[in-house]
Amino acid sequence: MAVPVVDLPEPPGVDARENPTVAVVGLGYVGSCLAAALADRGLDVVGVDTDPVLVGELRSGHCRFREHELEEVLSRVTTAGRLRVTGEHPAVSAADVVVVAVGTPIRDDGSMADGQLRAACLALGEHLRPGQLVLLKSTLAAGTTRELVVPLLERGGLTAGRDFMLACTPERLAEGTALEELRTLPIVVGGIDARSTRAAAEFWRRALGVRVIEHESPEAAEITKLASNWWIDLNIALANELAMFCSLYDVDVLDVIEAANSLPKGSGNVNILLPSAGVGGSCLTKDPWMVWRSARSRGVELRTPQAGREVNEAMPAHTAQLVVDELVARGKDPARSKVAVLGLAFKNNTGDLRATPARGVIEALAKAGAEVSAHDPLVDPDQAEELLGVRPAESLHEAVRDADCLAILALHRCFEDLDVAALPVAESCLILDGRAYYPKETIARLRALGHAYRGIGR
């Protein structure tokens with residue numbers, strides 16, 4: 001049941017002040033980007049995190065997250081004194097607005113693992129003061145704001161909707177372009193009452209200068225975020241199965257997608273996304289399962305979240321099998337072949353290894369007996385070795401020397417102008433295009449050099 005709207009004066013710290021002070025709780029990828037963007041807009045920001053190593057790194061000017069502009073912006077705002085970082089939750093008491101940006105992974109059964117959120121809310125509840133605005137930036141299972149966050153915050157003695165305001169405003173950022181998207185993307189807000197929604201919307205309009213989409217409830221905001229990633233994951237699953245279908249008829253899936261997307265439909269066009277070696281990252285791999293589990297707990301069996309996840313989770317093994325089949329077709333024994341993987345991160349131009357499809361590809365290739373080398377200048381080599389079992393070579397030439405296959409799983413900018421003719425690969429090398437989407441002219445040049453080309457659906 002919604003908390004009744006109480007006609008109290010608008011708190012001056014949020015609506016009347018031109019530049020309200022902000023506390024960001026949770027300085028992971030999203031929290032660090034948000035704290036940097038707000039401070040860069042001139043706001044006074046304090047970042048709070050329980051990881052002393054992360055706090056120490058940020059204080060010293062080091063940024064562990066490979067995100068365009070982030071390190072430069074963090075250095076600038078920290079030097080200017082607009083952002084300070086602490087491990088102490090009492091610091092939130094001085095802020096007008098508190099933004100919670102902790103991680104919300106999923107358990108094996110698809111339910112949201114709420115440990116970080118619970119801990120943050122319990123600590124925050126002890127230090128809230130009347131008049132503050134609390135904004136939830138974390139991705140949440142439907143109903144979490146009202147059913148979990150409100151009771152936890154209220155343990156501190158204040159009442160949501162009466163003593164403090166609360167709204168869900170989920171992040172919708174893509175890695176690699178996060179700071180730019182914070183400055184431009186519309187923000188969805190849904191408060192526990194009309195006053196909370198109004199205050200949250202006004203804060204984001206002033207703080208980031210972006211358009212705000214107001215919902216009547218936090219549940220609507222929670223589901224909006226989940227719906228976006230549910231759609232993206234399912235759309236990619238369609239593209240991946242379309243790629244398999246096109247391969248049966250020796251048809252280039254990119255030609256089919258381009259033509260299909262020319263059809264007007266609804267308020268836009270058909271919009272099939274691109275196939276790839278798999279889907280990774282922290283959102284697309286968990287949000288559909290969160291939807292599926294939430295619906296199931298309420299007696300509804302949704303089919304599409306599970307179907308999309310199963311298709312996309314199978315793509316790394318499918319990609320590895322393409323390599324094996326092509327090697328065999330060219331008279332090479334996979335167990336005596338070397339495969340050089342270029343790009344270990346889950347997407348182009350990021351160093352994030354979370355749920356990266358490269359892991360499944362490498363495991364399947366190793367199971368087939370292949371020697372696997374790797375190169376990715378954006379990832380942390382120690383982390384890559386621990387997660388993938390392969391330590392990235394320091395140089396491209398070292399990684400690809402005598403390789404029977406170059407498997408390009410993430411086309412970072414440093415790989416865009418790859419000159420295969422100048423690389424010390426084996427004769428008749430297979431180029432496996434897992435996410436490069438090479439144009440036909442490039443494919444023709446590779447074949448003219450005596451190499452083979454195979455893409456996902458190409």
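**Close-up views of a predicted model**

View 1. The model shown here and in the following views is a predicted one. Ser-217 is placed in the loop that links strand E8 to helix H9 (218-247). Setting aside residues up to four places away in sequence, the residues that Ser-217 touches are Arg-146, Gly-190 and Gly-191. Between the C-alpha atoms of Ser-217 and Thr-197 the separation is 8.2 Å, while along the chain these two residues are 20 residues apart.

**View 2. The open sheet.** Eight strands form an open sheet with mixed pairing, in the order E3-E2-E1-E4-E5-E6-E7-E8. The edges are taken by strand E3 (83-86) and strand E8 (212-215); each has a single partner strand, so one side of each is left without a neighbour in the sheet. From one strand to the next, the twist averages 25°. In general, the strands of a sheet pair through backbone hydrogen bonds, in either a parallel or an antiparallel sense.

**View 3. The pairing of E2 with E3.** Strand E2 (residues 45-48) pairs with E3 in the parallel sense, over four bridges. Val-46 has Arg-84 as its bridge partner in E3.

**View 4. Helix H8 across the sheet.** Helix H8 comprises residues 194-208 and runs at about 155° to strand E7 (187-191). The strands across which H8 lies are E1 (22-25), E4 (97-100), E5 (133-136), E6 (165-168), E7 and E8.

**View 5. The buried face of helix H5.** In helix H5 (residues 115-125), the buried residues are Leu-117, Ala-120, Cys-121, Leu-124 and Gly-125. Seen down the axis of H5, these buried residues fall within an arc of 125°, so they line one face of the helix. An α-helix has 3.6 residues a turn, so residues three or four places apart point the same way. The cover over the buried residues of H5 includes the strands E1, E4 and E5, together with helix H6 (144-154).

**View 6. The largest cavity.** Three cavities of 30 Å³ or more are present in the structure, and the largest cavity holds about 70 Å³ of space. Its lining consists of Lys-137, Pro-170, Glu-171, Arg-172, Leu-173, Glu-181, Leu-182, Leu-185, Pro-186, Ile-187 and Val-188. Helix H7 (178-184) and strand E7 each contribute at least two residues to the lining of this largest cavity.

How values were computed
Residues are numbered from 1 along each chain as its sequence is written. This is a predicted model: local features need pLDDT of at least 70, side-chain atom pairs count only at pLDDT 80 or more; totals for chains, interfaces and linings use all residues. Side-chain values use heavy atoms; hydrogens and water are left out. Two strands pair if DSSP finds at least two bridges between them. Axes are lines fitted to C-alpha atoms, for helices over the stretch in contact, and angles run from 0 to 180 degrees between N-to-C directions. Contact means heavy atoms within 4.5 Å. Buried means under 20% relative accessible area, exposed over 50%, partly exposed in between (1.4 Å probe, protein chains only). The arc is that of the directions from the helix axis to the C-beta atoms. On a 1 Å grid over the protein atoms alone, a cavity is a set of points where a 1.4 Å probe fits but cannot get out, and a pocket is an open set with protein on both sides within 12 Å along at least five of seven lines; lining residues have an atom within 4 Å of a point. Grid points are joined across faces, edges and corners, and a volume is the space filled by probe spheres set on the points.
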